Amino acid sequence: MAIMVGKTKNILEGLVREGSFRWILGNKGSFDEDFEEMGKSPSSRRNWMPELSPQANLVVRRCSRILGVSMDELRQNFDAEASDSIKHPSRHARNFLEYCCFRALALSTQVHGHLGDKKFRRLTYDMMLAWEAPAASSQRSLDLDEERMVGREAFSRISPAIPTISDVITCDNLFDVLTTSTGGRLRFSVYEKYLGALERAIKKMKTQSDSSHLSHLRSPREEKILEVDGTVTTQPVLQHLGISTWPGRLTLTDHAFYFEALRVVSFDKAKTYDLSDDLKQVVKPELTGPWGTRLFDKAVMYKSISLPEPVVMEFPELKGHSRRDYWLAIIREILYAHKFIWKFNIEGVDQDEILLKAILGILRLQAVQEITPVKPVCSDTLLMFNQCDQLPGGDLILETLASMSASQELDRTNNLNAGNVTHSESSLSMISNLGLVFGACSTVPDKARLLVGEIIVGELTPLEIAVRESRSSFKKVELAQATVDGVKVEGIDTNLAVMKELLFPIMELGKCFYFLASWDDSVKSLGFCFLFTYIICRGWLGHAFALLLLFIAIFMLLTRWFNQGRPVDEVKVTAPPVMNTMEQLLAVQNAISQFEVLIQDGNISILKLRALFLSVSPQASEKLALALVVMALALAFLPSKYLFLMMFLDTFTRNSPPRKASTERWKRRLREWWFSIPAAPVVLERPPQEHKKKRK
């Protein structure tokens, strides 16, 4: 024991003397006093845990101070509460560190204004650094002149334990945004700047929600104002209703959005567009332009069964449509959150918790936009309900989230009945400790002893598992989409050339069947006819198709077996001659003309059929009716194999020497009969010109 204490003393004194913890201290960090005390005090050195790395020891020591217990007591509690798998030697260091961190975070977030505390910011960042190297054996040599930065796994593990900072579903995307300029590693300066912006966004929401703005409409549901736009004349919001357009102010809350049309010196009465009721709402991007033209992709369209016609909100800006994309994402986030509540019948505290998840996502998005004003942020990826709508298996993530909410409600009830005290902290409690009161209850204890937020010590929650599986599928989708984008070519003629090359095997097979059906080689055609007739008569048609599918499957497996590791053969296409702009315009015009002719022929065919069914031409209608009666009797009384046999023989032997003359004669009579049928009349009615709608 004396030898171990002596070694610990030497290590600490050396580390403090050499400045090996400069990565965690900076000029004067929050752990300076801890280092000095651990280097000088014998009692402090006894708390040193040799199985942990130096940085993990310091983090655990800090956690023990927050919790008011010794490091030894923390270890004893962990050994008593954790399962054997969590206490396995290979995982003990990291799991014990997680246990200490999560317990300390649950207590630290109960402090009012904790998000603005610099010590809290530094502590959470140091937890991530220690998580990357928790064991003494994993301690790495550090470059004293280079700042250590946090990796993705550490951020995704620690930050969701504080729901205000991130959540399980979007933490990876948030990390990508925060590390865009640092090569996939998170600097403390960026992390601190993000937390500062997040604190300001929360204070802004509190200030807006406490104001009298729309208070008469918001008060019954205690709605929180999340965003306001259109207050600056240089950045108006335009409401398009029918062909009328009005500038005004747009306000989004956690239940609805409101538009107040601008008068000369004030705003008109607000129009409410509810997002909390099941009104079959649709929110999507829309094109707008003067006099009803569709030129500018800068608007959001909202429609529901409560509105006689859709309403369009336009967000004008000089370049791009990032402003519109932001509003589209945050409106959808609130709508999707309420759809989630309707679908899974979530009520009470859990309903407030779900809405708060959506609100926190919007606040985090606002914080990120503040610290990265130059580069547009993809808003959808930072909002959990938007993300679940886009991810493969996103519905499974939401089902898992709903089941976790139900289980948390049950555990809350059991804990309240039993009087248990847990270590975890809910989002409602954390947000209330930042100065916001949300919902009816903000001090309800959360789930099991080793659960904090949506994270369990040493284990993956069902939600984390669902998110990981979804992200794995999404990566495959991204890779597949990259190949799709890589093979896209420009120009109608080039695309036709590619399609012709891709369809070459099918075209060759079609040519083969056409050759057999034309009876140019009577021997081959007769042999094919006898073979298929025998298959149909024996009732082997289903077996023949099954054999064809089996052959295709075997071909695919053999191809995969023999082509392992080999690149896929490229499709070689002979590019057509390059056309100038005038030739391309003529080609497009020609294609449109041909398409128009096809539509005309289709309409004429439908009108002739309508005339037949309505007996505009009685003789032709009688012949069609007779043919339908014969077909109905054949379908009713003849076995299916004989019907297939008759259809095959009739189709395949039309050009055979015995039937060729009669076939040509029948084709001619059929064309003459079709041309003799008049088309049903059509009257084009022009709608009266719409008058410009007046504002009520």
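How far apart do the end C-alpha atoms of residues 624–649 lie, and what percentage of the span is helix? In this predicted model, those end atoms are 22 Å apart, and the span is 92% helix and 0% strand. This stretch comes from a record: an unreviewed UniProt entry gives the feature "transmembrane region" at residues 540–558 and 624–649. Here are the two stretches side by side.

| Residues | End C-alpha atoms apart | Helix | Strand |
|---|---|---|---|
| 540–558 | 26 Å | 95% helix | 0% strand |
| 624–649 | 22 Å | 92% helix | 0% strand |

Next, have a look at helix α23, which covers residues 581–613. Its 33 residues reach 48 Å from the first C-alpha to the last, close to the 48 Å expected at 1.5 Å a residue. Lys 608, Ala 611 and Leu 612 of α23 are buried. Among the elements covering the buried residues of α23 are α24 (618–637) and α26 (660–675). Just after α23, you can find Ser 615 with a positive phi of about 60°.

Finally, turn to a pair of helices. Two packed helices are described by the angle between their axes and the distance between the axes. For α6 (residues 71–81) and α7 (residues 89–108), the axes come within 10 Å and cross at roughly 105°.

Which residues meet here? From α6 come Met 71, Leu 74, Arg 75, Asn 77, Phe 78, Asp 79 and Glu 81, and from α7 come His 92, Asn 95, Phe 96, Tyr 99, Cys 100 and Arg 103.

Methods. Residues numbered from 1 in each chain as written. Predicted model: local features only at pLDDT ≥ 70, side-chain atom pairs only at ≥ 80, totals over all residues. Heavy atoms only, no water. Axes fitted to C-alpha atoms, helices over the stretch in contact; angles between N-to-C directions. Helix = DSSP H or I, 4+ residues; strand = E, 2+ residues; numbered from the N terminus. Contact = heavy atoms within 4.5 Å. Expected span 1.5 Å × (residues − 1). Buried < 20%, exposed > 50% of the residue type's maximum accessible area, 1.4 Å probe, protein only. UniProt positions renumbered as here; feature names shortened; annotations may be inferred.
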